[in-house]
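Subject: Structure handover

Hello,

Here is the structure for you to look at. Please open it before you read on.

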Amino acid sequence: MTVARPPCRLAALGVVNALGGDAESVWRGLVAGEPSRLSWNDALVPGRRLLVGAVTERLPEIPAALARFGCRNNAMALAALRQIEGPLREAIARAGAARVGVVLGTSTSGVSDAEAAFRYQHDHGGLDPAFDYAQLEFGGLAAFAAEWLGVRGPVYTLSTACSSGARALASARSLLAMGLCDAVVAGAADTLCGLTTNGFGALQAICEGVTNPCSKNRSGLTLGEGAAMFLLTPEAGGIQLVGAGESSEAHHMSAPEPSGAGAEAAMRGALDDAGLAPDDIAYLNLHGTGTPLNDTMECQAVARVFGTALPVSSTKPLVGHTLGAAGALEAAFCWLMLERSERGELELPPHCFDGERDPEIPPVHLVGKGESARPGAMLRVMTNSFGFGGNNCTLVLERQV
Amino acid sequence: MSARAHVASWFAWAPGLEDRPAWEVWAQAPEPLALEGHPDASFLPPMLRRRCTPLTRLVLTAAFGALAEEERPRVRTVFATRHGSINESIELLHQVVAGERLSPTKFSHTVHNAQAGLFCIAAGNRQASSSLAAGADTFACGWLEALTHLEREPGRPVLLVASDVPLDPTFAVLVKEPPGAYGLGLLLARAGTGPAFDLDLAGRGAPGAQPWPDAAEFLRFLLAGEERLELGRFGFTRAA
């Protein structure tokens, strides 16, 4: 069922990940399709070298007045927020601080810094005086962003594992539609840390080298970190968030339902929510983690909803799986595609893998290097995010040529 | 008004406050909640119950108590918990720092939406589900997130579960909040027979103004039949 609601413009985007610390370098890396910005790390998992999508740019300092929020995850968020500080401050001035909300997603919050505090505790026997619970608690991310911006609308952090970032955008759109906010800052940040790398390591979900989605040789995911922050306004024009579809799987805490029923429900839900048919979509950014189970079930679901002609790709070999940030980052990739399209031509991010397609996977159209699409007067793209606990969220973005 | 929701049903559990009559008595003369104790959650299959943390038992008890059996697979869900599984994450963090191997099951059960995932499995529920945290504003923001689900699908009721357990003592010293172990399940709907409340952001209350958690304060307000409740910046007004 389609709910009649005001427009939801994704008016500005700040983004940081392994490809770079600004929209231009992220876009260039995306269409180049080379996983060359991944780096080796031997500090995260004992006795193991991991290829990860680490952010190598120097992150901004947390202002002294907000020192209690000082952690890498919030610095990551700040790096993205600062890129759009002008539009954000203008929107706040226009709407008034009480009418601006902040809805962000994360799966790690400041765990990487908490680990440092725990090391301190092991070595010194007391809590590190620089540590504050605001760095570790999930609500800390949105609280930090709200304090930095000086806004007083609703402020909360969604954490539904790898769908957190997509879900933040869906909820932000609803806050605008309900008339509770005149602008919402929505997005996500996640940080590489020992907890998630060792946890996914224990699940035997991390591959050697770079992730290889949809290949018959795929053996797991590559982890990454990053942030994407959007300004959402109830204005027409520009790039619009037009659909959100959500589902739960009721199946398993850490494995997707193998038929892809949950993924299918999320994609169909997003189409219904947007009032669109499958043929209206020009490109789909896959969840595409490179685990044996995910890629099989996702491509089966994609084939059932769209057939096999729709161009699809996983961008995780380029930036790693950024977990709680992935949904917002991949929405950011969709936003960049739409923003940079010229005369109706969409340049598509290529699907990077070893080229040895898994014959067990339906023959979906994996985007090749240099490929573009020319869908017509309305450019519409979709992005999938599926999380632990069986929590799925699919978004549809649109731009009129 | 789109920020309105009816409370179609509710169920709450805290140590010593284990059914509706007990909460009705508590609401007449409220006092701080007990810190220790969790429900036995005997309605769960033994395999699932064995893996349940105290928080999970509280959440599932509140959730199942607030829903008739036929509603369990049909509702959307919102899980509002400030600390979530952080006590279990702390155990894992000690292991990470010590260079020990993590249990894959424990890791996947410490995500903030672990209770949401377990609810969906136990209830056979495949609907949309959010889990969130917002510091001292977690309860009110959970209500707000539930409203966003009613905005997305007005015809489908939303189960809001607010729950927390006392934080690990290492961190509890860093957090000022009314303590308690509790779970509150509220079935919210756009229309219906239960009392309706409008949410606004015109509240002038201090966070944690009362010596029990916001979720319990909301329940007291609900049972007392009062007109207006302010939890921090959030205001709840009983609709006529």
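This is a predicted model: local features need pLDDT of at least 70, side-chain atom pairs count only at pLDDT 80 or more; totals for chains, interfaces and linings use all residues.

Chain B
Chain B has 240 residues, and 52% of them count as buried. Its secondary structure comes to nine helices and eight strands. The C-alpha trace spans about 60 × 40 × 30 Å along the principal axes.

Where the chains meet
On the side of chain A, 56 residues are in contact with 54 residues of chain B. Several elements of chain A give two or more residues to this side. They are the helices α4, α6 (140-149), α7 (164-177), α8 (194-202) and α9, plus the strands β5 (155-158) and β8 (239-248). By class, the residues on this side of chain A are 27 nonpolar, 21 polar and eight charged.

A helix pair across the chains
Helix α4 of chain A (residues 111-124) packs on helix α4 of chain B (residues 86-97). Their axes are 9 Å apart, at an angle of about 70°. With 65 to 115 degrees as the range for roughly perpendicular, α4(A) and α4(B) are therefore roughly perpendicular to each other. Their crossing is right-handed. From α4(A), the contact uses A:Ala114, A:Glu115, A:Phe118, A:Arg119 and A:His122. From α4(B) come B:Leu93, B:His94, B:Val96 and B:Val97. The residues of this contact are five nonpolar, two polar and two charged.

A helix pair within chain A
Which way do α9(A) and α10(A) cross, left-handed or right-handed? The crossing is right-handed. Helix α9 covers residues 261-274 of chain A, and helix α10 covers residues 292-306. Their axes come within 8 Å and cross at roughly 40°. That makes α9(A) oblique to α10(A). On α9(A), the residues in the contact are A:Ala263, A:Glu264, A:Met267 and A:Arg268. They meet A:Met297, A:Glu298, A:Ala301, A:Arg304 and A:Val305 of α10(A). This contact has five nonpolar and four charged residues, and no polar ones.

Best regards

Note on methods
Residues are numbered from 1 along each chain as its sequence is written. Chains are lettered from A and ligands numbered from 1 in the order in which they are written. Axes are lines fitted to C-alpha atoms, for helices over the stretch in contact, and angles run from 0 to 180 degrees between N-to-C directions. Helices (H or I, at least four residues) and strands (E, at least two) are DSSP runs, numbered from the N terminus. Angles under 35 degrees count as roughly parallel, over 145 as roughly antiparallel, 65 to 115 as roughly perpendicular and the rest as oblique. A crossing is left-handed if the near helix is turned anticlockwise from the far one by less than a right angle, and right-handed if clockwise. Two residues are in contact if their C-beta atoms, placed from the backbone, lie within 7 Å. Ala, Val, Leu, Ile, Met, Phe, Trp, Tyr, Cys and Pro count as nonpolar, Asp, Glu, Lys and Arg as charged, and the others, Gly among them, as polar. A residue is buried if 20 or more other C-beta atoms lie within 10 Å of its own, exposed if 12 or fewer, and partly exposed in between; C-beta atoms are placed from the backbone.
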